[in-house]
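Please open the structure in a viewer and keep the selection tool at hand.

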Amino acid sequence: RVFEMRWVLFAILFMLGSSSTDPEEVNDLKDLLMDSVRNTIVLNDLVTHQTQQISELMLSLSATKTQLREIEQENRDLADKVAWLERSQTSEFDSLQRDLAALRNATKKEFVVFQKNVEEEREEVKGMIRDTRFNITILNGEESNGNPMCAKVCSGTTGRMSTNWRAYSSSISVDVDISGCGFVKVPTVTAAIEGARYHHTLTGTSAVYDTTLNSFRLYLRNDSGHKNSNARVNADNARRYKWNVEWIAMGFTC
């Protein structure tokens with residue numbers, strides 16, 4: 001179009017030039033027409049540039065719309081996932097609550113059964129203790145009898161390496177602690193000597209002296225008919241041969 005307008009303007013200039021007799025007027029008219037041509041060209045370039053920018057803007061808008069549609073779709077997909085997760089969590093939470101309730105009920109039932117079993121076993125043990133106590137009969141002792149329900153058998157040893165033998169004249173003695181039995185009446189005590197060697201030659205192995213609630217005493221000496229010097233009674237030999245007192249006491253604890 002610009003090319004066509006140029007030719008039209010040139011044709012006008014030519015007609016004016018051929019018809020006008022005043023050179024200055026013709027020149028002015030030519031300048032005016034040339035300015036118009038230049039302005040038209042500039043305007044055409046500007047329109048072309050603006051058209052290009054509009055086209056690029058439209059393309060950008062189209063791309064933006066496409067991105068917006070994609071973002072909207074992603075948002076819808078995300079909203080669907082969130083909704084699905086919420087439904088899933090709600091369902092799982094409800095299921096967990098049901099499982100916990102069932103477990104709680106089962107635990108209560110099992111605990112009740114457990115308590116019942118414990119009570120039954122406790123009563124059974126009490127019965128066994130009562131039966132055991134009733135099977136211990138003490139006819140009489142050093143003192144008047146205590147409560148038959150409190151009859152008790154208690155035993156122990158002074159220990160092979162821990163017996164505290166003491167020299168006594170031509171013999172040895174030992175005090176035996178029975179305080180752990182808890183007797184309230186003087187018990188009946190039976191004692192014997194245990195060891196590695198030569199305790200069969202001793203006299204006094206079962207002769208119990210000075211029994212109290214908490215202790216008793218033994219005295220040991222050599223049998224008068226035994227002449228073996230290795231078996232001579234003294235504290236060193238007693239420890240060397242691991243002589244110790246094994247005892248049983250029966251009495252009342254109430």
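Is cysteine 254 buried, partly exposed or exposed? Cysteine 254 is partly exposed, with a relative accessible area of 40%; the classes are buried under 20% relative accessible area, exposed over 50% and partly exposed in between, with a 1.4 Å probe and protein chains only.

Before the next selection, note that this is a predicted model, in which local features need pLDDT of at least 70 and side-chain atom pairs count only at pLDDT 80 or more, while totals for chains, interfaces and linings use all residues. Residues are numbered from 1 along each chain as its sequence is written, and side-chain values use heavy atoms, with hydrogens and water left out.

**Disulfides**

Select cysteine 150 together with cysteine 254: the two form a disulfide with their sulfur atoms 1.3 Å apart (a disulfide is a pair of cysteine sulfur atoms within 2.5 Å). Cysteine 150 lies in the loop between α2 (23–135) and β1 (151–157), and cysteine 254 in the segment after β7, so the pair links distant parts of the chain, 104 residues apart. Helices (H or I, at least four residues) and strands (E, at least two) are DSSP runs, numbered from the N terminus. The torsion about the S-S bond of this pair is about 75 degrees, so the disulfide is right-handed. Cysteine 150 is buried, at a relative accessible area of 15%.

Next, select cysteine 154 and cysteine 181, which are joined by a disulfide with an S to S distance of 2.1 Å. The link is left-handed, with -80 degrees about the S-S bond. Cysteine 154 belongs to strand β1 and cysteine 181 to the loop between β3 and β4 (188–194), 27 residues apart. Both cysteine 154 and cysteine 181 are buried. The structure holds 2 disulfides, and their pattern is 1-4, 2-3, with bonded cysteines counted along the chain.

**Salt bridges**

Now select Arg166, Asp175, Asp210 and Arg217, which are linked in a network of salt bridges (a side-chain nitrogen of Lys or Arg within 4 Å of a carboxyl oxygen of Asp or Glu). Arginine 166 meets aspartate 175 at 3.0 Å, N to O, and aspartate 175 meets arginine 217 at 2.5 Å, N to O. Aspartate 175 lies in strand β3 (residues 171–177) and arginine 217 in strand β6 (residues 215–222), so this pair ties together parts that are 42 residues apart in sequence. Aspartate 210 also forms a salt bridge with arginine 217, with the closest N and O atoms 4.0 Å apart.

How exposed are the members of the network? Aspartate 210 counts as exposed at 54%, whereas arginine 217 is partly exposed at 26%. Arginine 166 is partly exposed at 33%, and aspartate 175 is partly exposed at 35%. The structure holds 6 salt bridges.

**Aromatic pairs**

The count comes to 5 aromatic pairs; rings of Phe, Tyr and Trp (its six-membered ring) pair if their centres lie within 6.5 Å, and planes under 30 degrees apart count as stacked, over 60 as edge-to-face and the rest as tilted. Select phenylalanine 216 and tryptophan 247: the ring centres are 6.4 Å apart and the planes at 75 degrees, so the pair is edge-to-face. Phenylalanine 216 is in strand β6 and tryptophan 247 in strand β7 (residues 244–252), 31 residues apart. Phenylalanine 216 is buried at 1% relative accessibility, and tryptophan 247 is buried at 7%.

Finally, select Tyr168, Tyr209 and Tyr219, which form one aromatic cluster.
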